[in-house]
Amino acid sequence: MAGIYIHIPFCKQACHYCDFHFSTNVEKQNETVDMLCKEIGLRQHYLAGEVVDTIYFGGGTPSLLSPIEVGVLLDTLHKYHSVICDPEITLEANPDDLSFQKLIDFRKAGINRLSIGVQSFQNETLIRLNRVHNAALARESITNAYKAGFDNISIDLIYAIPWQDDQTWED
(Lines give C-alpha, C1' and ligand atoms only; values in the text may rest on other atoms or scores of the structure.)
Protein backbone atom coordinates (compact mmCIF):
# COMPACT_ATOMS: atom_id res chain seq x y z
CA MET A 1 0.00 0.00 0.00
CA ALA A 2 1.14 3.53 -0.75
CA GLY A 3 0.32 6.99 0.46
CA ILE A 4 0.36 10.31 -1.35
CA TYR A 5 1.21 13.64 0.27
CA ILE A 6 0.25 16.88 -1.48
CA HIS A 7 1.82 20.06 -0.12
CA ILE A 8 -0.34 23.19 -0.34
CA PRO A 9 2.11 26.07 0.23
CA PHE A 10 -0.30 28.88 1.12
CA CYS A 11 -1.06 30.56 4.46
CA LYS A 12 -3.03 33.64 5.51
CA GLN A 13 -0.08 34.87 7.57
CA ALA A 14 3.22 33.65 8.96
CA CYS A 15 3.03 31.94 12.34
CA HIS A 16 6.10 32.71 14.43
CA TYR A 17 7.04 29.07 15.05
CA CYS A 18 6.67 27.68 11.51
CA ASP A 19 9.61 26.35 9.50
CA PHE A 20 7.58 24.86 6.64
CA HIS A 21 7.64 26.22 3.10
CA PHE A 22 4.71 28.57 2.54
CA SER A 23 3.64 31.82 0.93
CA THR A 24 1.16 34.37 2.22
CA ASN A 25 0.53 35.42 -1.36
CA VAL A 26 -2.38 33.29 -2.61
CA GLU A 27 -2.41 35.01 -5.99
CA LYS A 28 -1.23 31.83 -7.75
CA GLN A 29 -3.39 29.37 -5.84
CA ASN A 30 -5.54 28.38 -8.83
CA GLU A 31 -2.47 28.03 -11.03
CA THR A 32 -0.81 25.89 -8.35
CA VAL A 33 -3.79 23.50 -8.26
CA ASP A 34 -3.60 23.22 -12.08
CA MET A 35 0.14 22.51 -11.91
CA LEU A 36 -0.35 19.91 -9.15
CA CYS A 37 -2.86 18.13 -11.40
CA LYS A 38 -0.36 18.23 -14.25
CA GLU A 39 2.39 16.88 -11.97
CA ILE A 40 0.12 14.04 -10.81
CA GLY A 41 -0.35 13.06 -14.44
CA LEU A 42 3.36 13.33 -15.25
CA ARG A 43 4.25 11.15 -12.24
CA GLN A 44 1.54 8.55 -12.79
CA HIS A 45 4.10 5.70 -13.05
CA TYR A 46 6.00 6.72 -9.91
CA LEU A 47 4.16 4.25 -7.67
CA ALA A 48 4.57 1.43 -10.22
CA GLY A 49 0.98 0.28 -9.79
CA GLU A 50 0.96 0.23 -5.98
CA VAL A 51 -2.47 0.79 -4.50
CA VAL A 52 -2.93 4.06 -2.62
CA ASP A 53 -4.62 3.78 0.77
CA THR A 54 -3.94 7.25 2.20
CA ILE A 55 -3.95 10.75 0.74
CA TYR A 56 -2.74 13.64 2.87
CA PHE A 57 -3.10 17.34 2.11
CA GLY A 58 -0.47 19.17 4.19
CA GLY A 59 1.05 22.57 4.17
CA GLY A 60 1.01 25.47 4.51
CA THR A 61 -2.71 25.59 5.00
CA PRO A 62 -4.64 23.23 2.71
CA SER A 63 -7.95 24.46 4.15
CA LEU A 64 -7.40 27.66 2.15
CA LEU A 65 -8.30 25.62 -0.91
CA SER A 66 -11.93 25.52 -1.88
CA PRO A 67 -13.72 22.18 -1.62
CA ILE A 68 -13.99 22.29 -5.43
CA GLU A 69 -10.19 22.57 -5.75
CA VAL A 70 -9.75 19.67 -3.33
CA GLY A 71 -12.24 17.67 -5.40
CA VAL A 72 -10.32 18.40 -8.60
CA LEU A 73 -7.08 17.18 -7.00
CA LEU A 74 -8.78 14.02 -5.71
CA ASP A 75 -10.37 13.33 -9.10
CA THR A 76 -6.95 13.69 -10.72
CA LEU A 77 -5.36 11.31 -8.21
CA HIS A 78 -8.08 8.73 -8.90
CA LYS A 79 -7.59 9.16 -12.64
CA TYR A 80 -3.87 8.35 -12.54
CA HIS A 81 -3.52 6.04 -9.52
CA SER A 82 -5.18 2.94 -8.14
CA VAL A 83 -6.85 4.09 -4.93
CA ILE A 84 -8.60 1.71 -2.52
CA CYS A 85 -12.36 1.96 -2.19
CA ASP A 86 -12.38 3.94 1.07
CA PRO A 87 -8.98 5.59 1.54
CA GLU A 88 -8.13 7.81 4.49
CA ILE A 89 -8.04 11.34 3.05
CA THR A 90 -6.70 13.94 5.47
CA LEU A 91 -6.83 17.71 5.20
CA GLU A 92 -4.76 19.91 7.49
CA ALA A 93 -6.95 22.84 8.46
CA ASN A 94 -6.91 25.99 10.52
CA PRO A 95 -9.95 26.72 12.72
CA ASP A 96 -10.58 30.08 11.03
CA ASP A 97 -11.08 28.35 7.65
CA LEU A 98 -13.70 25.88 8.86
CA SER A 99 -17.15 27.34 8.51
CA PHE A 100 -19.86 24.73 8.99
CA GLN A 101 -20.76 24.87 5.28
CA LYS A 102 -17.14 24.50 4.19
CA LEU A 103 -16.80 21.45 6.44
CA ILE A 104 -19.87 19.89 4.81
CA ASP A 105 -18.44 20.68 1.37
CA PHE A 106 -15.04 19.18 2.26
CA ARG A 107 -16.85 15.97 3.31
CA LYS A 108 -18.70 15.92 -0.02
CA ALA A 109 -15.39 16.44 -1.87
CA GLY A 110 -14.01 13.29 -0.21
CA ILE A 111 -12.15 14.46 2.88
CA ASN A 112 -12.78 12.00 5.73
CA ARG A 113 -10.12 13.02 8.26
CA LEU A 114 -9.21 16.47 9.60
CA SER A 115 -6.02 17.56 11.29
CA ILE A 116 -6.94 20.88 12.90
CA GLY A 117 -4.11 23.27 13.79
CA VAL A 118 -5.45 24.48 17.11
CA GLN A 119 -1.94 24.93 18.64
CA SER A 120 -3.39 26.26 21.92
CA PHE A 121 -6.71 26.87 23.67
CA GLN A 122 -5.33 30.04 25.31
CA ASN A 123 -5.88 33.36 23.58
CA GLU A 124 -2.67 34.95 24.87
CA THR A 125 -0.61 32.08 23.49
CA LEU A 126 -2.42 32.19 20.14
CA ILE A 127 -1.69 35.91 19.83
CA ARG A 128 1.98 35.40 20.67
CA LEU A 129 2.19 32.61 18.07
CA ASN A 130 0.60 34.97 15.50
CA ARG A 131 -2.39 32.69 14.89
CA VAL A 132 -5.51 34.06 13.18
CA HIS A 133 -8.08 32.24 15.34
CA ASN A 134 -8.92 32.50 19.03
CA ALA A 135 -9.67 29.77 21.57
CA ALA A 136 -13.44 29.97 21.13
CA LEU A 137 -13.15 29.54 17.37
CA ALA A 138 -10.83 26.56 17.89
CA ARG A 139 -13.45 24.84 20.05
CA GLU A 140 -16.23 25.76 17.62
CA SER A 141 -14.32 24.32 14.65
CA ILE A 142 -13.97 20.97 16.42
CA THR A 143 -17.66 20.90 17.38
CA ASN A 144 -18.70 21.85 13.84
CA ALA A 145 -16.43 19.19 12.34
CA TYR A 146 -18.25 16.52 14.35
CA LYS A 147 -21.64 18.01 13.40
CA ALA A 148 -20.60 17.98 9.72
CA GLY A 149 -19.98 14.24 9.93
CA PHE A 150 -16.25 13.96 10.62
CA ASP A 151 -15.45 11.23 13.10
CA ASN A 152 -11.70 11.05 12.45
CA ILE A 153 -10.22 14.28 13.80
CA SER A 154 -6.86 15.15 15.27
CA ILE A 155 -5.75 18.48 16.67
CA ASP A 156 -2.25 19.93 16.86
CA LEU A 157 -1.16 21.45 20.16
CA ILE A 158 2.26 23.02 20.72
CA TYR A 159 4.14 21.95 23.82
CA ALA A 160 7.25 23.57 25.38
CA ILE A 161 6.75 27.09 24.07
CA PRO A 162 9.52 29.14 25.75
CA TRP A 163 7.15 31.13 28.00
CA GLN A 164 4.88 28.15 28.75
CA ASP A 165 5.00 26.57 32.20
CA ASP A 166 3.52 23.22 33.25
CA GLN A 167 0.34 24.81 34.59
CA THR A 168 -0.27 26.70 31.34
CA TRP A 169 0.11 23.46 29.40
CA GLU A 170 -2.25 21.58 31.72
CA ASP A 171 -4.84 24.38 31.48
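Helices and strands here are DSSP runs, numbered from the N terminus. With that in hand, welcome to a tour of a predicted model.

**Stop 1**

Select Tyr-46, which is placed in the loop between H1 and E2. Is Tyr-46 buried or exposed? With a relative accessible area of 61%, Tyr-46 is exposed, since anything over 50% counts that way. For a sense of scale, draw a line from the C-alpha of Tyr-46 to the C-alpha of Thr-32; the two residues are 14 apart along the chain, and the line spans 20 Å.

Stay in this loop and pick Ala-48, which also belongs to the stretch between H1 and E2. Check its backbone: phi is positive, about 50 degrees, although Ala-48 is not a glycine. Ala-48 is exposed as well, at 69% relative accessible area.

**Stop 2: helix H2 and its neighbours**

Next, select residues 67-80, which make up helix H2. Its 14 residues reach 20 Å from the first C-alpha to the last, close to the 20 Å expected at 1.5 Å a residue. Colour the buried positions: Pro-67, Glu-69, Val-70, Gly-71, Leu-73, Leu-74, Thr-76 and Leu-77. What do the buried residues of H2 pack against? Show strands E1 (2-8), E2 (52-59) and E3 (83-93), together with helices H1 (29-42) and H3 (100-109), and you have the partners.

Keep H1 and H2 on screen and hide the others. Two packed helices are described by the angle between their axes and the distance between the axes. The axes of H1 and H2 come within 9 Å and cross at roughly 10 degrees. That angle is under 35 degrees, so H1 and H2 are roughly parallel to each other. To see where they touch, show Gln-29, Asn-30, Val-33, Leu-36, Cys-37, Ile-40 and Gly-41 from H1, which meet Glu-69, Val-72, Leu-73, Thr-76, Leu-77 and Tyr-80 from H2.

**Stop 3: aromatic pairs**

How many aromatic pairs does a search of the whole structure find? There are two. For one of them, select Tyr-5 and Tyr-56: the ring centres are 5.9 Å apart and the planes lie at 20 degrees, so the pair is stacked. Tyr-5 lies in strand E1 and Tyr-56 in strand E2, so the pair ties together parts that are 51 residues apart in sequence. Tyr-5 is partly exposed at 47% relative accessibility, and Tyr-56 is partly exposed at 27%.

Then move to Tyr-159 and Trp-169, an edge-to-face pair with 4.9 Å from centre to centre and 70 degrees between the planes. Tyr-159 sits in the loop between strand E5 (153-157) and helix H6 (166-170), while Trp-169 is in H6, so this pair ties together parts that are ten residues apart in sequence. Tyr-159 counts as exposed at 53% relative accessibility, whereas Trp-169, at 36%, counts as partly exposed.

**Stop 4: another charge over a ring, and a strand residue**

Select Arg-128 and Trp-163. The charged end of Arg-128 sits over the ring of Trp-163, 3.8 Å from its centre.

Gln-119 has a positive phi of about 70 degrees, although it is not a glycine. Is Gln-119 buried or exposed? At 9% relative accessibility, Gln-119 counts as buried.

Definitions and conventions: Residues numbered from 1 in each chain as written. Predicted model: local features only at pLDDT ≥ 70, side-chain atom pairs only at ≥ 80, totals over all residues. Heavy atoms only, no water. Helix = DSSP H or I, 4+ residues; strand = E, 2+ residues; numbered from the N terminus. Expected span 1.5 Å × (residues − 1). Buried < 20%, exposed > 50% of the residue type's maximum accessible area, 1.4 Å probe, protein only. Contact = heavy atoms within 4.5 Å. Phe/Tyr/Trp six-rings, centres within 6.5 Å; stacked < 30°, edge-to-face > 60°. Lys NZ or Arg CZ within 6 Å of the ring centre and 35° of its normal. Axes fitted to C-alpha atoms, helices over the stretch in contact; angles between N-to-C directions. Parallel < 35°, antiparallel > 145°, perpendicular 65-115°, else oblique.
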